[in-house]
Amino acid sequence: MNYEIVCGIETHIELATKTKIFCGCTTEFGGEPNTHCCPVCTGQPGSLPILNQKVVEYAIKAGLALNCKINTKSHMDRKNYVYPDLPKAYQISQYDEPLCEKGYIELDSGKRIGITRIHIEEDAGKLVHENGYTYIDYNRSGVPLIEIVSEPDISSAEEAKEYAEKLQLTMRYIGISDCKMQEGSMRCDVNLSLRKPGDPNFGVRTEIKNINSLSFIQKAVMAEAERQADILDAGGTVVQQTMRYDETTNTVTPMRDKENSEDYRYFPDPDILRFCIDEEKVEEIRASLPELPFAKLRRYVNELGLPEATAKQLSRYRRVAEFFEGALAEGASVKNAANLIVGTIFSNMDTEEEKELFGIKISPAQFAALVKLADEKKINIGVAQSTLQKMLESGKSVEEFIKPEDLVGISDEELESLCKEAIDANPKAVADVRSGKDKAINVMFGYIMKKTGGKADIRKAEALLRKLIGQ
Amino acid sequence: MRAGIAELAEKLRNREISAVELTKVYIKAIEELNPTLNAYVHLTFDTALKAAEQADQMLKEGDAPPLCGIPMALKDNICTDGLPTTCCSKILKGFKPYYDATVWEKLKKQGAVLLGKTNMDEFAMGSTSETSCYGAPLNPRNTDYVTGGSSGGSAAAVCANLAVYSLGSDTGGSIRQPASFCGVVGLKPTYGAVSRYGLIAYGSSLDQIGPLTNSVKDAAIVFDAIKGGDKRDQTSVDYDYGAPLAECLDRDVKGMRIGVAEEFFDGINPEIKSKIEEALNLFEKNGAKIENIRFPALKIALPVYYIIACAEASSNLGRYDGIRYGYRTSSYTSIDDMIVKTRSEGFGDEVKRRIMLGTYVLSSGYYDAYYKKACLIREEINREFDAVFEKCDVLVAPTAPNTAFPLNYRGASPVEMYLSDICTVPVNIAGVPAISIPCGADAKGLPIGMQIIGKRFDEATVLQAAHFYEQCAGEVIGAYEGGARV
């Protein structure tokens, strides 16, 4: 039977603040176990939390970028539960007054996935099981997180993936998190149920915890939808439970429950005063937000006239877009700059991470200087590409590779005499061309390119050569 | 009267006595009396003598702060770097924090000499200090009686001259009630006036550190030294008190409006009632205006207090699981088993009772009926205090409905013991300041305490009224004869 997927995603994102949410410890990833700790983040008796204002600011940024309403009055709550990685036996989180509410993410199709809420909270430590012992590393304890809860508006595996991807891109764009799913700085829990098309009621849902890659989200949704459909087709009922996705077998299986029924006994944390955020501050943060990738994409297509595919590649990563726009500001042409980035620079970058980082040795100004030579037809595109490659490898400017004297265009007369020289010097090749071995003309191209240091216009040269050879 | 902090400071500055000599006098007194009184549970004589030497150095260099070289004591729930801090609980036995509470950091900078950590009810939960895992301290006035609690050891140490002053903590009366039982002065400052950083939490929205002393002036001097905002405690306030309060005590009570609410006198021991009335007469005779006011929310304050304090405690005490510090059970089969056994063995009955109460009132299904309702009534109590302080400058009430209980006194139920907090808890709920000062003794010679309650951050008026009474009434109860003599 056909079922409709009803899916919502809860995403935890580690904020890239320098210090933890309630103390001055570093948030740096890694480090020897328990070296990024203090009395506060290890819950020592008598210690008290101080809310890091940067965390509030970053969460508001996230809220604004996801079209949320910002609650100007908010407070922190304690979520009480016992687990060895949670040093105070409660997590400081937000329950009934989240910082941001009622936003959305727009998919390429134009469909909007609602954002129910965004709240701030602290991360827990990490259990390490080794040689039959369990060790606890509290370095991560107190690292700031935001939890972004979507409405159950997602109705396919593709939409689930696109939602998570758009969310990841946006968070990276506004610079509040690196959102590395493998390192755990972005973690997704997927809630999913099925219902018959047109049924206004929701079916029983399951929650798939801690999915750590975008493609696994898509696969997990498909696998879980299939699993639930099989149960329903067989006349069974889905059990509400927490599941785990196993990427090696591509299956979804129930997790062992930590506790039977959790009652977190939420209540306002008396150690942290209720806080007010003034409208002015919100507007200040709104004004500081960069143009988001989807707005950029539309602008690149509509105003810059770039093809959709190229515009997408350029707008996808903030550093790429900044580099591109920087070059334009230095006077580079849209078309050449775009093609050289997508064609030459990206060919050096194998992974999405590399594009995201965009760690290149040249500045937008250096790049623009090269593009402008091509724009003015002082060098051809082939030379531009090879020179750019050399610049990328060395970090040196275009002048290092193309001397002023090289830039003077080769006159038609010069080219003609060079062609004659080439013909005289290669009688065999000329004969071959005449006898139909057309490829032999490359020998003369090579001669001309060598003589001109590669700056001759190859199409003009071909036309001249064919004329002289008499074809 | 015995020497106060100012007199001792004068002697130290004049080199009539050195800080080391003074400390040794107190050490000797502690060695003599503490085995009986059990006021101290951890003695820190080695560090005390070193601190005294440093204090002497500071004194020699001149311009030493007021508390330099003065021997004192801290309640065992105030964190002291490298020294035991156990809340008198088995679950924290052997615990030595690696950080100082802000109050101790401030006093240390002044050159204070810490003699030791004082006995208390386990995690400050109790009214007699008998829930201490080290056994109860005894009331120096009569060792058949309790000191009160939870800062019982701090009150006993000051009463018996085993410390010039001490710090306690007050969540529902834990400074004022033992001060009243032992016949000393105890000040609970405004919530937020003194940093709570390093005070091991019981009820976080109610807890406040304050001094126990032998005079109002001493209380003012110590309060001056420990007050102030702290960037490590978001609930602390950097309130501008102007000049040091100890320098602004001399004021008569002419025109002072003193509120008296009959609800505070319901069910109060008649001897206590008559002593308070005598005090009120003294105030009136000196020009104060007595305003009879109503405080209908008083009765409901007690359940509100126990709901909020226990709710917060149930969360605050969740961290004692045997994993990172303190006591850990000796045999277990899993992490869950270890946590359950550690807590079952490590906590005493009263603490367990309050954790269970607090867990219950926060549970889903009961939250609205208990915790949420208590928070709403808390706001109502705040409004009643606001209304009272529109008509009055201070409120006078008994500190406790009774004088010290006999040791091992067991009422009909724990609730009966909770009822003895009736006069003190409204003050914590509203976060206002209050002082308890001796105003006489009952027929058995046990001290009676009078409570003076003020507006938020108006410790000045509270201290002035108390100081005036103290000066006017003279010796209302004889000074304790033993202990350190200088």
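Start with the open sheet of three strands in chain A of this predicted model. Its strand order is β5-β4-β15, and the pairing is antiparallel. Select β5 (90-93) and β15 (267-268) of chain A to see the edge strands. Each of these two pairs on one side only. Strands of a sheet pair through backbone hydrogen bonds, either parallel or antiparallel.

Next, select strand β4 of chain A, residues 77-80. Four bridges join β4(A) to β5(A), and the two strands run antiparallel.

Last, display chains A and B together and go to the contact of the two chains. Chain A puts 25 residues into the contact, and chain B puts in 31 residues. On the side of chain B that touches chain A, select α9 (298-316), α10 (335-346) and α11 (349-362) of chain B; these are the elements that give two or more residues. Of the elements, α9(B) gives the most to that side, with three residues. Colour the residues of this side of chain B by type: 13 are nonpolar, 10 are polar and eight are charged.

Terms used:
Residues numbered from 1 in each chain as written. Chains lettered and ligands numbered in written order. Predicted model: local features only at pLDDT ≥ 70, side-chain atom pairs only at ≥ 80, totals over all residues. Contact = placed C-beta atoms within 7 Å. Nonpolar A, V, L, I, M, F, W, Y, C, P; charged D, E, K, R; others polar. Pairing = 2+ DSSP bridges.
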